[in-house]
Amino acid sequence: MSDERARPGARADGLVIAGVTRMSSCDWPGRLVATAFLQGCPWRCTYCHNHAILDARAPGQVAWQEVRELLARRTGLLDGVVFSGGEPTRQAALADAMREVRAAGFGVGLHTGGAYPRRLEALLPLVDWIGFDVKAPRTLYRAITRVGGPTTAADQAFTSLRLVLDAGVDVQVRTTVDPTVLSDEDVHALTAELRAVGVQDHVLQQVRPDGTTTEYQQALAAAHRR
Ligand code: SF4
């Protein structure tokens with residue numbers, strides 16, 4: 001999961017895409033975009049609502065060529081492309097796809113949880129905006145992502161966030177508040193932790209039960225009853 005060895009030169013056509021939203025006004029605030037959901041994610045978040053997208057070995061459902069053709073038809077109508085997931089930075093072909101999007105005159109947006117800091121760092125010069133998901137305060141990260149050692153995911157995410165902030169890329173930092181793990185105090189502590197590293201605007205999102213496991217939906221209902 002933490003294999004970050006560079007695989008340079010992967011072509012955009014090798015991108016494994018689970019699905020595409022052809023027009024969205026909410027994936028990049030203030031922009032009208034197409035959103036490509038890239039297959040595979042190293043984490044297993046409690047509230048993940050798209051389990052089919054997690055398996056890195058699953059085949060793609062949409063060819064990059066279709067996105068390419070969509071952009072050609074939507075020149076002047078779309079502002080950009082958002083690469084979402086899954087964890088899009090997992091795929092080595094992403095850099096080439098971003099270059100293509102830029103060369104076609106569109107903006108590049110990225111949704112990431114920061115699981116691969118070195119890969120993210122290499123992508124930063126190609127990105128115009130990032131929606132960065134911070135899952136929890138450091139000490140509770142693993143309770144959400146549920147893989148790796150006690151601090152693995154937290155270390156990856158906060159290293160990535162530091163890189164994004166230092167690069168000065170336009171970023172929205174947001175947290176899906178999972179009430180089965182996070183108390184109100186935890187959320188306040190996280191906002192303070194983020195402010196301390198330079199994040200002024202921390203957006204909180206309500207967790208949605210649709211698409212989550214039955215087990216999680218039951219835990220969520222119990223948390224709401226408390
Ligand atoms: S990072 Fe996103 S795609 Fe990956 S498990 Fe968590 S919620 Fe699901």
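Student: Hi! How many strands form the open sheet here, and in what order?
Tutor: In this predicted model, seven strands form an open sheet, and their order is 1-2-3-4-5-6-7. The pairing is mixed.

Student: Which ones are the edge strands?
Tutor: Strand 1 and strand 7 (202-206) are the edge strands, each pairing on one side only.

Student: And by how much are neighbouring strands turned against each other?
Tutor: On average, neighbouring strands of this sheet are turned by 20° against each other, with direction ignored.

Student: Let's go to strand 2 then. Why is strand 2 described as largely enclosed?
Tutor: Strand 2 covers residues 33-38, and six of its six residues are buried, so the rest of the structure largely encloses it.

Student: Which residues point which way from strand 2?
Tutor: V33, T35 and F37 point one way, while A34, A36 and L38 point the other way. Both sets are buried.

Student: In what sense do strand 1 and strand 2 pair, parallel or antiparallel?
Tutor: Antiparallel: strand 1 (residues 17-24) and strand 2 pair in that sense over five bridges. As a landmark, V20 stands opposite A36 in strand 2.

Student: What about strand 2 and strand 3, parallel or antiparallel?
Tutor: Strand 2 and strand 3 (residues 80-84) pair in the parallel sense, over five bridges.

Student: What do strand 2, helix 1 and strand 3 make?
Tutor: Together with helix 1 (residues 64-73), strand 2 and strand 3 make a right-handed β-α-β unit.

Student: Why is strand 4 largely enclosed?
Tutor: Five of the six residues of strand 4 are buried, so this strand is largely enclosed by the rest of the structure. The chain gets to strand 4 from strand 3 through helix 2, and that β-α-β crossover is right-handed.

Student: Which way does strand 5 run with strand 4, parallel or antiparallel?
Tutor: Strand 4 and strand 5 (residues 129-133) run parallel, joined by four bridges. G109 turns up again, with W129 as its bridge partner in strand 5. Strand 4, helix 3 (residues 117-123) and strand 5 also make a β-α-β unit, and that unit is right-handed.

Student: Changing topic: which residues surround the ligand?
Tutor: The ligand is surrounded by C41, W43, R44, C45, C48, L54, G85, G86, E87 and G113. By type, the shell divides into five nonpolar, three polar and two charged residues.

Student: What's the peptide bond from G85 to G86 like, cis or trans?
Tutor: The bond from G85 to G86 is cis, with omega near 10°. G86 is found in the loop between strand 3 and helix 2 (94-103).

Student: What about the phi of R146, positive or negative?
Tutor: R146 has a positive phi of about 60°, although R146 is not a glycine. You'll find R146 in the loop between helix 4 (141-145) and helix 5 (152-167). R146 counts as partly exposed because 13 C-beta neighbours lie inside 10 Å.

Student: Back to strand 1 for a moment. Is I17 buried or exposed?
Tutor: I17, which is found in strand 1, counts as buried because it has 22 C-beta neighbours inside 10 Å. The cut-off for buried is 20 or more.

Student: Which residues does I17 touch?
Tutor: Leaving out residues up to four places away in sequence, I17 touches A36, F37, L38, Q39, G60, Q61, V62 and W64.

Student: How far apart are I17 and H224?
Tutor: From C-alpha to C-alpha, I17 and H224 are 35 Å apart in space, and they are 207 residues apart in sequence.

Student: Last one, S25: buried or exposed?
Tutor: S25 is exposed, because 11 other C-beta atoms lie within 10 Å. The place of S25 is in the loop between strand 1 and strand 2.

Student: And what separates S25 and V173?
Tutor: The C-alpha atoms of S25 and V173 are separated by 18 Å, and the two residues are 148 residues apart along the chain.

Technical notes: Residues are numbered from 1 along each chain as its sequence is written. This is a predicted model: local features need pLDDT of at least 70, side-chain atom pairs count only at pLDDT 80 or more; totals for chains, interfaces and linings use all residues. A residue is buried if 20 or more other C-beta atoms lie within 10 Å of its own, exposed if 12 or fewer, and partly exposed in between; C-beta atoms are placed from the backbone. Helices (H or I, at least four residues) and strands (E, at least two) are DSSP runs, numbered from the N terminus. Two strands pair if DSSP finds at least two bridges between them. A crossover is right-handed if, with the strands pointing away from the viewer, the path from the first strand over the helix to the second runs clockwise. Axes are lines fitted to C-alpha atoms, for helices over the stretch in contact, and angles run from 0 to 180 degrees between N-to-C directions. A residue is near a molecule or strand if its C-beta atom, placed from the backbone, lies within 6 Å of it. Ala, Val, Leu, Ile, Met, Phe, Trp, Tyr, Cys and Pro count as nonpolar, Asp, Glu, Lys and Arg as charged, and the others, Gly among them, as polar. Two residues are in contact if their C-beta atoms, placed from the backbone, lie within 7 Å.
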